[in-house]
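Subject: Structure handover

Hello,

Here is the structure I promised to pass on to you. Could you open it next to this message while you read my notes?

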Amino acid sequence: AAMEVDDPAPRGGAPPRIRRLEESVVNRIAAGEVIQRPSSAVKELVENSIDAGASTVSVTVKDGGLKLIQVSDDGHGIRCEDLPILCERHTTSKLSAYEDLQTIKSMGFRGEALASMTYVGHVTVTTITEGQLHGYRVSYRDGVMENDPKPCAAVKGTQVMVENLFYNMVARRKTLQNSNDDYPKIVDFISRFAVHHINVNFSCRKHGANRADVHSGSTSSRLDAIRNVYGASVVRDLMEIQVSDENAVDEIFKMDGFISNANYVAKKTTMILFINDRLVDCTSLKRATEFVYSAILPQASKPFIYMSINLPPEHVDVNIHPTKKEVSLLNQERIIEKIKDAIEEKLMNCNNTRIFQTQALNSSALTQANTRKDKGTEVSTPTGEKSQKIPVSQMVRTDPRDPSGRLHTYWQGQTSNLEKKSGLVAVRNIVRSRRNPKDAGDLSSRHELVTEIDYNLHPGLFDIVKNCTYVGVADEVFALIQHNTLLYLVNVVNVSKELMYQQALCRFGNFNAIQLSEPAPLLELLTMALKDDESMSDVNEKEKLEIAEVNTEILKENAEMINEYFSIHIDQGGNLTRLPVVLDQYTPDMDRLPEFMLTLGNDIAWDVEKECFRTAAAAIGNFYALHPPILPNPSGKGIRLYKKNKDSMESAGQADNDLTSTDEDDIDQELLAEAEAAWAQREWTIQHVLFPSMRLFLKPPKSMATDGTFVQMTRHQHTL
């Protein structure tokens, strides 16, 4: 009998014995459900970052996520004492009792995501909480720590690194390696989060890539977020929609969002759905929406939809899917019906209520475009660019005497400036109306400029820049770096100017925006700049005002182009409202804004494409460069410049050892504090923003080897 009990094989018709699975097997099975593919891991990690109150989330992916997934955030971090159980199954900070599940608002709550990752990959967590002097790094495998948390330097927040995903699941790893790269799915997830969480900066890039594929800055406008991620051509064809349950006293559900109008055409539906701030799928709602579009707009049956639905938490069951991909709603049919009715009404009236329209084409250009139809083909409306079946060449380059599509040929014509400008607007509008502005990066002039950067690269300096170690700030202009055993002085202003110029061309047509807190009137900025310009000292006030007015008009005329290519937004009233993010985590010195606007008005070669892009990028480079602050450096003897009693400055200068000359009461403390903050901020930016970016992106030109930008220290100086 004892042998029968121990014998696992069934005899005759006896049922097989039921056994309790080993915990490691249970965990591995669960991990395979939660982390189905690399994009599942990214979604879980990004949701954790948002739950942690992060304002910046950066994702880096290698080999579609199989080799490496790295998610960094600046959230509240993880306590050191919580690290031992961080990756155990069903450990979470979001729930304590089952009842909490009915009102759960955070995205993570099951305590399975991190644990699952440790069963199918190698996980390393680096984290620091506020007030700590250092962070901790710890590696996990199969739910437990591989080592005690090691103290380490860390920036605010948490970084989770998942390496060698599915290393122990041969079939799945091979399937994913052989199928399409998972990276597009990851980009899609991050894009959706970026549209909804507009107060968070998201970036997503392939490991080693200079440029992020998703790069969204925090903004106050949902439309700006959609524009940043999906492009201006999508935004142009969107309508706002809002629905609420009017029968209910306390509005049981509320939906707001944007839907595409009759002019939007795409090959597949884009539906971004958030329910109670949770990114989910709802097949029945998607199907109902597509049905409405196909019934009313047969030519545009694949819509772009963004919806944010808010319900009382107790009306949503979030616990029906291991990856929380789907949720179950109370009164789901009624909600879908009301949303469907609202979309139907909006689409029926969309010709009257369209609020986002493209700028009207120059009338002569529109006439030309419409009169040059090929037999049997139609030229669509300016907003229907995606429906174009006609090659661009047939739409634009139809008349050799008017080579609208060949921009170089166009500008070399012998026409007057006025004709050039109006023609230029027409060309730009026709070309732009038939393509996504994100493709602006395909312009050949911009490619030539980028190629020039590569051609002028100094290999020796490139090696120094890539592999240098930052030592510190040497003085107002120079910083010290070490490469191998040699020290170099680096001119921060020159290096940052070149880096910003190169970045302006690299991010061309795809910038994030810095929103100005208040619109800045161009006329005022230009007047200020002219007042400060020493070369204009002989010009009277009236002439300066006239110059400012002329420059304002020039900038307004070219506003659309500089907004599309460089994200410098000037509204119709002649106010500057947005500037580009040229380098992440960096804002230029706004004291130099008037000078920048004057340079844009004066020095840009508007009529020649390549020179236009070169001069605009150079102006941006100069404005964003790390110039010394306007206020002098107060360190050392510089503090005397902040004396209230200016008359005593000369005598103070003579009395070098007179300590009372810098008596606290005699110093303008407010101005001094401002100067100290500005210089400290500059030093921090040089170390934490400029040099890391320089190592990643800068391609130093040959001229930097001889113009004093990089100076090798002699041995004598080295030992000092």
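**What I found**

The chain folds into 26 helices and 23 strands; helices (H or I, at least four residues) and strands (E, at least two) are DSSP runs, numbered from the N terminus. Please keep in mind that this is a predicted model, in which local features need pLDDT of at least 70, side-chain atom pairs count only at pLDDT 80 or more, and totals for chains, interfaces and linings use all residues. Residues are numbered from 1 along each chain as its sequence is written, and side-chain values use heavy atoms, with hydrogens and water left out.

**The chain overall**

Of the 720 residues in the chain, 48% are buried. Here buried means under 20% relative accessible area, exposed means over 50%, and partly exposed is in between (1.4 Å probe, protein chains only). The accessible surface of the chain is about 36600 Å², and 50% of that belongs to carbon and sulfur atoms; these areas come from the Shrake-Rupley method with a 1.4 Å probe, and for residues only the protein chains shown count as cover. Among contacts (heavy atoms within 4.5 Å) between residues at least 6 apart in sequence, 69% join residues at least 24 apart.

There are 0 disulfides in the structure, a disulfide being a pair of cysteine sulfur atoms within 2.5 Å.

Helix α19 (residues 522-532) and helix α22 (residues 593-603) have axes that come within 8 Å and cross at roughly 100°. The axes are lines fitted to C-alpha atoms, for helices over the stretch in contact, with angles from 0 to 180 degrees between N-to-C directions. That makes α19 and α22 roughly perpendicular to each other, since angles under 35 degrees count as roughly parallel, over 145 as roughly antiparallel, 65 to 115 as roughly perpendicular and the rest as oblique. From α19, the residues Leu522, Leu525, Leu526, Met528, Ala529 and Leu530 meet Leu593, Pro594, Glu595, Met597 and Leu598 of α22. By class, this contact has 10 nonpolar residues, no polar ones and 1 charged. In that count Ala, Val, Leu, Ile, Met, Phe, Trp, Tyr, Cys and Pro are nonpolar, Asp, Glu, Lys and Arg are charged, and the others, Gly among them, are polar.

Aspartate 603 also belongs to α22. With a relative accessible area of 49%, aspartate 603 is partly exposed. Leaving aside neighbours within four places in sequence, aspartate 603 is in contact with Leu598 and Thr615.

Helix α21 (residues 559-566) is largely enclosed by the rest of the structure, because 6 of its 8 residues are buried. Those buried residues are Ala559, Met561, Ile562, Glu564, Tyr565 and Phe566.

**Two asparagines with positive phi**

Asparagine 276 has a positive phi of about 50° although it is not a glycine. Its place is the loop between β12 (270-275) and β13 (278-279), and at 19% relative accessibility asparagine 276 counts as buried. Asparagine 484, with phi near 55°, sits in the loop between β18 (478-483) and β19 (486-491). Asparagine 484 is exposed, at 62%.

**Contacts across the sequence**

Which residues does lysine 702 touch, not counting those up to four places away in sequence? They are Tyr455, Asn456, Leu457 and His458. Lysine 702 and leucine 457 are 245 residues apart along the chain, yet their C-alpha atoms are separated by 5.9 Å. Lysine 702 lies in the loop between α25 (669-697) and β23 (710-712) and is partly exposed at 43%.

Tyrosine 642, in the loop between α23 (609-624) and α24 (648-654), is buried with a relative accessible area of 2%. Beyond four places in sequence, tyrosine 642 touches residues including Leu631, Pro632, Asp666, Leu671 and Leu672. The C-alpha atoms of tyrosine 642 and leucine 672 are 6.3 Å apart.

Finally, serine 72 is part of strand β2 (residues 68-73). Its C-alpha atom is separated by 4.2 Å from that of glutamine 159, 87 residues away along the chain.

Best wishes
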